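Trainee: I'm new to reading protein models. Could you walk me through one, feature by feature?

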Amino acid sequence: MPLSLPCRLAAAFIALVAFASVGGQLILNAAKPEHAGFVAAAWHMAQYFTILTNLLVGVVFGAIALSRPPSGGVVAGTLLSIVMVGVVYHVLLAPATPHAGAQWWTDFGFHTVTPIASGLWWLVWGDRDLSLGQVPWWLVWPTGYCAYALVRGIVSGTYPYFFFDIGRFGVPFVAGYIVALVLAFALAGAVIWALARLLNRRRPARTVA
């Protein structure tokens, strides 16, 4: 089914916000003495789920904007991860004192605009022909990231998020936190599936693929 112009323009906006936020943060980090350049700054940023997921959003929604949409399951899995980025940040990780200046804008793009805009796009144009069996596949991205972050942290001694710090909290705490996060992702994925079924009953499906 051909994609409508509003659908593609909205997807382009989401991709632009995601890529612009990553690019802006890269410029800010590259200017810091501890990074001293774009390569070091990019390597530092690549440890964060927020950064990697915003890049994923940029690719997926960029493809939609170019009328080359991935499957509905891929879009829904991407939605799950970016929504959880926003939820986990605002519940667990947001600083007590908000950032200022350019840092505030990149933070706002990463954790607020991209998740909300992605959710709204999916509610209007998302493929609702989803199955509950797709939910485990949606967990591959966050679970794979957890394994990557742990290995990288053990090697470098630096963990992207406090709950990965085995040296500080111990293996049982970290393992329990990861299990809880994966279960939270699974629950949120089930909510997306249930919402898709509810929307399917209320109006004709409008798919992107």
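Predicted model: local features only at pLDDT ≥ 70, side-chain atom pairs only at ≥ 80, totals over all residues.

Trainee: Where is the place of Ala 117, and which residues is Ala 117 in contact with, leaving aside its neighbours within four places in sequence?

Mentor: You'll find Ala 117 in helix H5, which covers residues 101-125. Once you skip the neighbours within four places in sequence, Ala 117 is in contact with Phe 13 and Ile 14. For a sense of distance, take Thr 50: Ala 117 is 67 residues from Thr 50 in sequence, and their C-alpha atoms are 15 Å apart in space.

Trainee: How do I read a whole helix, say H7?

Mentor: Here's the general idea: an α-helix has 3.6 residues a turn, so residues three or four places apart point the same way. Now the case here. H7 has 17 residues, and from first C-alpha to last it reaches 24 Å, close to the 24 Å expected at 1.5 Å a residue. Its buried residues are Pro 142, Tyr 145, Cys 146, Ala 149, Leu 150, Arg 152 and Gly 153. Just after H7 comes Gly 157, with a positive phi of about 85°.

Trainee: Why does Leu 150 count as buried, and what does Leu 150 touch?

Mentor: Leu 150 counts as buried because its relative accessibility is 18%. Not counting residues up to four places away in sequence, Leu 150 touches Tyr 159, Phe 164, Ile 166, Val 174 and Ile 178. Take Val 174: it sits 24 residues from Leu 150 along the chain, and their C-alpha atoms are separated by 9.5 Å.

Trainee: And how do I look for empty space? How many cavities of 30 Å³ or more does the count come to?

Mentor: Rolling a probe the size of a water molecule over the atoms shows where empty space is left. Here the count comes to one cavity of 30 Å³ or more. The largest cavity holds about 200 Å³ of space. It is lined by 16 residues, and the closest to its centre are Phe 49, Val 88, Phe 163, Leu 181 and Phe 185.

Trainee: Which helices supply at least two residues each of that lining?

Mentor: Those are H3, H4, H7 and H9. H4 gives the largest share, five residues. By type, the lining divides into 15 nonpolar residues, one polar and no charged.

Conventions. Residues numbered from 1 in each chain as written. Heavy atoms only, no water. 1 Å grid on protein atoms, 1.4 Å probe; cavity = no way out; pocket = protein on both sides within 12 Å on 5 of 7 lines; lining within 4 Å. Points joined across faces, edges and corners; volume = space filled by probe spheres on them. Helix = DSSP H or I, 4+ residues; strand = E, 2+ residues; numbered from the N terminus. Nonpolar A, V, L, I, M, F, W, Y, C, P; charged D, E, K, R; others polar. Expected span 1.5 Å × (residues − 1). Buried < 20%, exposed > 50% of the residue type's maximum accessible area, 1.4 Å probe, protein only. Contact = heavy atoms within 4.5 Å.
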